[in-house]
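Hi,

Here is the structure I promised to pass on. Have a look at it first, and then read my notes below.

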Amino acid sequence: MNDKVFTKAIKKQFEFDEEVAAVFDDMLQRSVPFYKESLKISEFFALKALEDGAIAYDLGCSTATLLINISRKIQNKATLIGLDNSEAMLERARKKCEAFRADVVLEYADILEYDYKEADLFISNYTLQFVRPLIREELVKKIASSLRKEGMFIFSEKVISHHPKLHKDLIECYYDFKKEQGYSEYEIVQKREALENVLIPYSEEENIKMAKNCGFSHCEVVFRWANFATFIAIK
């Protein structure tokens, strides 16, 4: 189903409700530059990290696309767990897992409060940016403490620049991308307003510093397009 969420006037802040869930896969493809490529990179490193008996968590798994892809390619026995606090997203994830016969555990959960088992891998695609900055670092600390030594955290985020002109140009570059995907100026403005104070991105440097401050020995960007980046942090 095509994303038409912001063709009408917004009446509330952005949330992952049934209306968004119904078009979310299309929204991702058309709103996140090179989304498929960033997923493929995440999938590649995830498969490298998962040995027999491994445990992986996807925080904010939405419709479970990445976990389904991993499940279909993994050669050994690993436990894949998707967490989300949107029941509408999880309902669509369950249907997709059933259709693809994917061995994925899906749970309705608050990722800030969840009691994680010791894991080999955490994934978070465009989820941290929706966690308030005051508690975002606490979540990353919790992720690090739940990982075994050498465990991996793969996360993708929208990023900003602290150089005023470059920041402005990055936004313009991104809006041009969205127009090429068929979004109107009106839809772009509507979504920007709905996300105001809901999505709060960090710079590339701030994300790396946060990971290191929270217990990771190494963190770097493995994929970036303008103001979208995929990071890998190693405990």
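S146 sits in helix α5 (helices here are DSSP runs of H or I with at least four residues, strands are runs of E with at least two, and both are numbered from the N terminus). S146 is buried, at a relative accessible area of 10%; buried means under 20%, exposed over 50% and partly exposed in between, with a 1.4 Å probe and protein chains only. Neighbours within four places in sequence aside, S146 is in contact with Y116, K117, E118, A119 and F122, where contact means heavy atoms within 4.5 Å.

Before going on: this is a predicted model, so local features need pLDDT of at least 70 and side-chain atom pairs count only at pLDDT 80 or more, while totals for chains, interfaces and linings use all residues. Residues are numbered from 1 along each chain as its sequence is written, and side-chain values use heavy atoms, with hydrogens and water left out.

Back to α5. Along with S146, the buried residues there are R136, L139, V140, I143 and A144. Looking down the axis of α5, they fall within an arc of 165° and so line one face of the helix (the arc is that of the directions from the helix axis to the C-beta atoms). An α-helix has 3.6 residues a turn, so residues three or four places apart point the same way. On the face turned away from the buried side you'll find the exposed L134 and S145. What do the buried residues of α5 pack against? Their partners are β1 (55–59), β4 (119–125), β5 (147–160), β6 (202–203) and α8 (204–213).

β1 pairs with β2 (residues 79–84) in the parallel sense over 5 bridges; two strands pair if DSSP finds at least two bridges between them. L59 stands opposite L83 in β2. On its other pairing, β1 runs parallel to β4, joined by 3 bridges, with Y57 opposite F122.

Finally, the cores, meaning sets of buried Ala, Val, Leu, Ile, Met, Phe, Trp, Tyr and Cys residues joined through side-chain atoms within 4.5 Å. The largest nonpolar core has 39 residues, and L50, I70, L80, C97, V104, L106 and L121 touch the most other members. Apart from that one lies another core of 31 residues, including V131, Y202, A211 and F216.

Cheers
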